[in-house]
Amino acid sequence: MANSGKKLMDGGGVAFQTLPRAAGDDNADDDYVRPPPRPLVSTVHDKPATHPQQVHISVVGANRMRICWVTDDDDGRSSPPSVVEYGTSPGEYTASATGDHATYSYSDYKSGAIHHVTIGPLEPATTYYYRCGAGEEEELSLRTPPAKLPVEFVVIGDVGQTEWTAATLSHIGEKDYDVALVAGDLSYADGKQPLWDSFGRLVQPLASARPWMVTEGNHEKEKTPPPPPVAGAGAGVRLSPSRFAAYNARWRMPREESGSPSSLYYSFDAAGGAAHVVMLGSYAYVEERGEGTAEQRAWLERDLAGVDRRRTPWVVAVAHGPWYSTNGAHQGEGERMRRAMEPLLYDARVDVVFSAHVHAYERFTRIYDNEANSQGPMYITIGDGGNVDGHSDKFIEDHELAHLSEFREMSFGHGRLRIVSETKAIWTWHRNDDQHATVRDVVVLESMAGAKTN
């Protein structure tokens, strides 16, 4: 069995507690046999065309939530209204809100009407009961995030919709959380648009109950941009052609609220501003007409400059492509973005950076510019949600960053970041073990808010 002892690493007053890295190419138990990738699961829609499906929610500002769902119809104009009724007691809807809907086409595929409605103001840490579309019978419930610490994030990436995805989602649902952070590669549609629909149905039980905040991955990118979406009657919404048209239409995140010029990167606050989360776009350059990462970098600089660490002791960043990795898969693909943006994260004393893309789990010590640095972020790769391609199974033992890699394992699973107080957070990684999840990695972090700039 891998060594399960604990040690305390301290650098400049910034400590974390960790399970140490075992010898060999990963930290897996010697007797653990990794299962092969499983086939896609089937999630059919067997209800009337007007019945809301693929329901998911996201954070919008300090006290509002956006609710998204899809209804099947012929033209997006005869769809049921984009209305949500809600209240704090089952079956008693004391408020309602109206939004918009649109459809898009791709090759011979035409989407159903994709509805977006923002509800609020809402009370924090409160359960609301709601239904989508006037007259629909099905009632769902959601809980708003807390207005103060503690707050718990579930972190996943490279999700897909295989049987292993279903296992990961099941394990996530076994324990409560406040917000999910999804580091790209959601549906693995790869242009096959019906897979977006089946993915939405697969994640609805979780994504309709807690906010899911997502960023794009390479599998969200279409090979060719589809035509512009067609807005619903009276919606007043019309999106431009985009290689991320399906992603943008279905998973509308709060870019306007965070001053972002693109839907591919944005930020939001949690726990009443005690935590600031930056969702970066590893592939935003595709949409920036050759501008590279310049536009995103300019936005990120403005966004981080607006964070007051005296009232926001925790800053978290999420991107799809890892900037640091000792796995043989996708080596160097995040280097251009790292060089452009890493100094901004370092100067802002970002606490932790999550990424995916590599289908394995790996956690580094605090790093800046390829060297251990007690004032840099901790980098964690968590591209192990259950993708269709299988594991990235080759870690490079003599990689130049190997001495900075604290824990690595090629297994499916999910992570949880529980921010306990202004100074302390606990990170755990949970490996999928058949019918249950096993905690394999535990780290106690101290906030970087008090760290001095060099």
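Analyst: What follows is a walk around helix 4, and then a visit to some other places in the chain.

First, a word on what we are looking at. This is a predicted model, in which local features need pLDDT of at least 70 and side-chain atom pairs count only at pLDDT 80 or more, while totals for chains, interfaces and linings use all residues. Residues are numbered from 1 along each chain as its sequence is written, and side-chain values use heavy atoms, with hydrogens and water left out.

Here is the setting. The chain has five helices and 27 strands; helices (H or I, at least four residues) and strands (E, at least two) are DSSP runs, numbered from the N terminus. Of the 454 residues in the chain, 60% are buried. Buried means under 20% relative accessible area, exposed means over 50%, and partly exposed lies in between (1.4 Å probe, protein chains only). Among the contacts in the chain with a separation of 6 or more, 71% are between residues 24 or more positions apart. Contact here means heavy atoms within 4.5 Å.

Which residues of helix 4 are buried? They are Q296, W299, L300, D303 and L304. These residues sit on the same side of helix 4 because they cover an arc of only 125 degrees around the axis. The arc is that of the directions from the helix axis to the C-beta atoms.

What covers the buried residues? The cover includes strand 17 (266-270), strand 18 (275-279), strand 19 (314-318) and helix 5 (335-347).

The axes of helix 4 and helix 5 come within 10 Å and cross at roughly 10 degrees. Axes are lines fitted to C-alpha atoms, for helices over the stretch in contact, and angles run from 0 to 180 degrees between N-to-C directions. The two helices are therefore roughly parallel to each other; angles under 35 degrees count as roughly parallel, over 145 as roughly antiparallel, 65 to 115 as roughly perpendicular and the rest as oblique. Helix 4 makes this contact with Q296, R297, L300, E301 and L304, and helix 5 with M337, A340, M341, L344 and L345. Sorted by class, the contact has seven nonpolar residues, one polar and two charged. Ala, Val, Leu, Ile, Met, Phe, Trp, Tyr, Cys and Pro count as nonpolar, Asp, Glu, Lys and Arg as charged, and the others, Gly among them, as polar.

Next, another pair of helices to set beside this one. Helix 1 (residues 163-173) and helix 2 (residues 194-207) have axes that come within 10 Å and cross at roughly 10 degrees, so these two helices are roughly parallel to each other. T165, L169, I172 and G173 of helix 1 meet L202, V203 and L206 of helix 2. This contact has five nonpolar, two polar and no charged residues. L206 is buried, with a relative accessible area of 15%. Leaving aside neighbours within four places in sequence, L206 is in contact with L169, I172, G173, Y177 and W212.

Finally, a few loops. Most residues other than glycine have a negative phi, and most peptide bonds are trans. The peptide bond from G120 to P121 is cis, with omega near 5 degrees, and P121 lies in the loop between strand 10 (113-119) and strand 11 (127-132). A125 is in the loop between strand 10 and strand 11 too, and its phi is positive, near 50 degrees. D158, in the loop between strand 13 and helix 1, also has a positive phi near 50 degrees. D158 counts as buried, at 0% relative accessibility.
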